[in-house]
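Take a walk through this fold, from one hairpin to a closed sheet and then to the charged pairs. Keep the coordinates open as you read.

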Amino acid sequence: MRSMLAATLMLASATGAGAQMTTPPIPGTKPKVVQTVPIKPPALQTPSETADAMAQAERLALQSDLAWVGQYNGAITGDVSSRMVDAIKEYQKAKGGKPTGVLNPQERAALAETARRKQDGVGWKIVTEMTSGARLGIPSKLVPNQATDANGSKWSSPTGTVQVLLNRRKEANPTTAKLAETEKKEPAGRKVDYTVVKPDFFVLSGLQGLKKFYVRGTFKGDEVRIMTILYDQAMENTVEPVVIAMSSAFNAFPSGPQAGPPPRKTVEYGTGIVVSDGGAILADRLVTDACLAITIGGYGSADRLAEDKDHDLALLHIYGARGLKPLSLTGGVAKTSVDVVGIADPQSQGGAAGVSSVKGALTPVTSSDSALSPPPAVGFSGGAAIDGEGKFVGVALLKPAMVAGPATSMPASQAVMVSAETVRDFLKANAVPANGTSTDAKAAVVRVICVRK
């Protein structure tokens with residue numbers, strides 16, 4: 001049997017595309033002819049073939065991140081194109097890498113983190129316009145002022161350098177071609193340098209006085225909805241990547257769930273760190289948000305006493321617990337990498353609750369946060385980040401990434417590490433004596449279970 005298998009494998013490896021092979025017959029039967037299907041090894045794949053092999057959500061996230069860093073200026077659809085591959089190569093060259101058109105894990109993590117910083121820098125969020133129910137991506141830090149009337153809403157910067165308008169109106173028998181022609185002329189003096197007219201939407205861009213403008217519109221029945229973005233030419237480098245994201249995120253007539261991060265799970269698992277012998281536990285704010293009940297594995301129910309929305313930290317408390325081994329929160333130094341100690345989701349470990357650790361690379365983002373790549377597995381959010389000497393340097397948090405794409409797309413995950421100093425400040429502000437002395441992070445972490453409606 002072993003020699004027959006070896007001969008079969010050798011024959012399979014020798015056959016080319018479309019070749020046939022005959023399997024040894026079973027006594028009393030006819031030989032069976034099998035058509036072999038050659039598999040192209042990854043090293044021989046083109047960049048487009050590699051991108052095609054990605055899940056749709058991954059391609060959407062990749063296009064979105066490339067747009068946010070200014071390398072991609074096409075529609076964020078998840079479709080693979082030469083423009084997308086060229087954008088990857090340009091990004092690699094800009095970072096001093098080899099322009100292969102395929103991002104390695106380190107390059108992909110760096111791209112995602114850069115895009116996240118860009119999003120955070122402009123205050124990117126998905127909002128629902130109150131009069132129409134339309135959904136838009138809004139750079140809230142660029143346009144913090146909002147006004148709404150019966151015809152729609154306007155978001156603007158304090159000095160009017162950037163403006164976003166959502167207008168709605170009734171119109172008999174509209175078509176995108178007629179709407180585009182009307183918008184080209186209103187207001188007077190618009191100079192259009194780019195036009196796309198499709199059966200279900202239209203896009204215009206150009207100059208309106210001294211400002212650049214971008215218009216995207218559509219209709220349903222006799223209801224017309226048009227998004228207009230105006231910005232000073234001096235703001236071009238800042239606003240144009242945002243315009244691409246806003247165009248792809250615009251959903252004039254939403255029918256599904258709200259765009260943006262997916263809803264939290266009915267039952268969600270995270271990791272907590274015991275920080276005092278009195279029962280104080282540090283956890284992820286998002287994991288413990290809107291819970292009907294919070295349970296600490298092995299100890300029972302917990303109350304959530306405080307939160308830090310800026311850094312997504314939560315303070316939990318369990319009562320009457322014995323044998324706790326609070327972690328020492330002093331002495332660590334965050335360098336370029338850490339070990340994240342946590343408890344993976346039960347589905348990742350066959351229903352078990354074992355404590356484990358994974359390595360992650362750090363990239364400073366702010367004075368208090370660092371990007372962590374690759375993101376640890378689900379369940380690790382809230383885990384302890386430990387330096388090479390086994391000392392505490394921060395808390396690892398998984399965060400859903402906002403993807404500028406269709407509302408049905410699933411955002412990728414990204415991870416950050418909140419510094420030990422921020423953690424100590426949070427505990428001090430809530431009068432928690434961080435009196436832990438243990439340096440055994442595996443003994444100090446616990447499973448956090450949130451049950452929602």
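Which residue in S4 is the bridge partner of Trp 124? The partner is Pro 139. This is a predicted model, so every contact discussed here is one between predicted positions. Trp 124 and Pro 139 belong to a hairpin. Strand S3 covers residues 124-128 and strand S4 covers residues 135-139. The two pair in the antiparallel sense, over five bridges. Six residues lie between the strands. Among them is Gly 133, which takes a positive phi near 80°.

Now step back to the whole chain. The protein chain has nine helices and 23 strands. It holds 453 residues, and 45% of them count as buried. Its accessible surface comes to about 22,800 Å². Carbon and sulfur atoms account for 54% of that surface. Take the contacts between residues at least 6 apart in sequence: 55% of them join residues at least 24 apart.

Next comes the barrel. Strands of a sheet pair through backbone hydrogen bonds, either parallel or antiparallel. Here six strands close into a barrel, and the pairing is antiparallel. The order is S12-S13-S16-S15-S14-S23. On average, neighbouring strands of this sheet are turned by 40° against each other, direction ignored. S12 and S13 run antiparallel and are joined by two bridges. Ile 273 stands opposite Leu 282 in S13. A helix also packs on this sheet: H8, residues 420-429. Helix H8 touches S13, S15 and S16. The direction of H8 makes about 50° with that of S16.

Turn to the charged side chains. The count comes to 23 salt bridges. Three of these pairs deserve a visit.

Start in a helix. The side chains of Arg 116 and Asp 120 meet at 2.5 Å, N to O. Why are these two about one helical turn apart? They sit four residues apart in helix H5, which spans residues 105-122. Arg 116 has 10% relative accessibility and counts as buried, because the cut-off is under 20%. Asp 120 is partly exposed, with a relative accessible area of 39%.

The second pair is Glu 268 and Arg 452, with a salt bridge of 2.8 Å, N to O. This pair links distant parts of the chain, 184 residues apart. Glu 268 lies in strand S12, residues 267-274. Arg 452 lies in the segment after strand S23, residues 445-451. Buried or exposed? Glu 268 is buried, with a relative accessible area of 11%. Arg 452 is buried as well, at 8% relative accessibility.

Asp 312 and Arg 285 form a salt bridge of 2.8 Å, N to O. Asp 312 lies in the loop between strand S15 (300-308) and strand S16 (313-317). Arg 285 lies in the loop between strand S13 (280-284) and strand S14 (293-296). The pair therefore ties together parts that are 27 residues apart in sequence. Asp 312 counts as buried at 8% relative accessibility. Arg 285 is buried too, with a relative accessible area of 12%.

Salt bridges can also share partners. Arg 168, Lys 170, Asp 222, Glu 223 and Arg 225 are joined into one network in this way.

Definitions and conventions:
Residues are numbered from 1 along each chain as its sequence is written. This is a predicted model: local features need pLDDT of at least 70, side-chain atom pairs count only at pLDDT 80 or more; totals for chains, interfaces and linings use all residues. Side-chain values use heavy atoms; hydrogens and water are left out. Two strands pair if DSSP finds at least two bridges between them. A salt bridge is a side-chain nitrogen of Lys or Arg within 4 Å of a carboxyl oxygen of Asp or Glu. Buried means under 20% relative accessible area, exposed over 50%, partly exposed in between (1.4 Å probe, protein chains only). Contact means heavy atoms within 4.5 Å. Accessible areas come from the Shrake-Rupley method with a 1.4 Å probe; for residues, only the protein chains shown count as cover. Axes are lines fitted to C-alpha atoms, for helices over the stretch in contact, and angles run from 0 to 180 degrees between N-to-C directions.
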